[in-house]
Amino acid sequence: MSKNELTVNANQGYMNLANGGINGDFLEELSGLDNEFERIKIPAGGGTMFEFPSSNPDEPDIIKEFSAVILYHHPMYVFYSSKFNGSNNPPDCLSIDGITGVGIPGGKCINCPKNKFGSGENGSKACKNKHQIYLLRENEIFPMVLSLPTSSNREFSRYIKRLLSRGKKSDSVVTKFSLKKAVNKTGISYSQVQFSVARELSNEETRLIKNYSEQVKSYAQNKANLQTVDITTSEIIDSEASV
């Protein structure tokens, strides 16, 4: 590929969505295959580099920061009755709206004793209040998923409120994601996600993204209704337990 070809692709933005989304031919191609969105991993111990899946599963791409449109996001409350032992078991209780848990103990999250500070280690909650973000990088068609650790929820809430105060929603701008090292009350280092606006979308990009966001939202909600949300034990363990 020539330098000129790279320049053209870099300037394409999200206009390639005009050729379609994740319906139709794309879903037909994935028929019978694993159709989960790939996940971006956040390092433990205060690392400041994201881990992206690559064509070689044994050699992930290590990226300091990246930009993407937030297509859809929702709470992800998860509870495990036993400590992490290296397996990828499903949670004992899961809530995909932060309101109602399904499993054991289940019920209303606001009244659940597992959702209270002090119920977990180091004064934390036994139920981890995470947030799931579906995002799309420029010049790509398939979304990726970023599961925010508990300590990044406040930063994300602040960012969304700043956007709304300007009359913007998260799918109307390109967001820059980065990591910073922080330390909790017990001296444990952890990685905290930072958010900022990289640029605003053009009118045509906005139209394409709005349509695509609805597709992704419908896809994610259908999976959630079936309780088949793609999440594993290893992604629930936070080093910032007492934040």
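Is arginine 166 buried, partly exposed or exposed? Arginine 166 is partly exposed, because its relative accessibility is 47% and the exposed class starts only over 50%. The model is a predicted one.

**Salt bridges**

Side chains of opposite charge can pair when their charged atoms come close. The count here is 8 salt bridges.

| Pair | N to O distance |
|---|---|
| Glutamate 200 and arginine 166 | 3.0 Å |
| Glutamate 200 and lysine 168 | 3.3 Å |
| Arginine 158 and glutamate 155 | 3.4 Å |

**Around glutamate 200**

Glutamate 200 sits in strand β11 (residues 189-200). Its side chain forms a salt bridge with arginine 166 at 3.0 Å. Arginine 166 belongs to the loop between α3 and β10 (173-183), and the pair links distant parts of the chain, 34 residues apart. Glutamate 200 also meets lysine 168 in a salt bridge, at 3.3 Å. Lysine 168 lies in the loop between α3 and β10, so this pair ties together parts 32 residues apart in sequence. Glutamate 200 counts as partly exposed at 39% relative accessibility. Lysine 168, at 24%, is partly exposed.

**Within helix α3**

Arginine 158 and glutamate 155 both lie in helix α3 (residues 153-165). They are 3 residues apart, about one turn of the helix. Their side chains meet at 3.4 Å, N to O. Arginine 158 is partly exposed, with 46% relative accessibility. Glutamate 155 is buried because its 16% relative accessibility falls under the 20% cut-off.

**A network**

Salt bridges also link Glu138, Arg199 and Glu205 in a network.

Terms used:
Residues are numbered from 1 along each chain as its sequence is written. This is a predicted model: local features need pLDDT of at least 70, side-chain atom pairs count only at pLDDT 80 or more; totals for chains, interfaces and linings use all residues. Side-chain values use heavy atoms; hydrogens and water are left out. A salt bridge is a side-chain nitrogen of Lys or Arg within 4 Å of a carboxyl oxygen of Asp or Glu. Helices (H or I, at least four residues) and strands (E, at least two) are DSSP runs, numbered from the N terminus. Buried means under 20% relative accessible area, exposed over 50%, partly exposed in between (1.4 Å probe, protein chains only).
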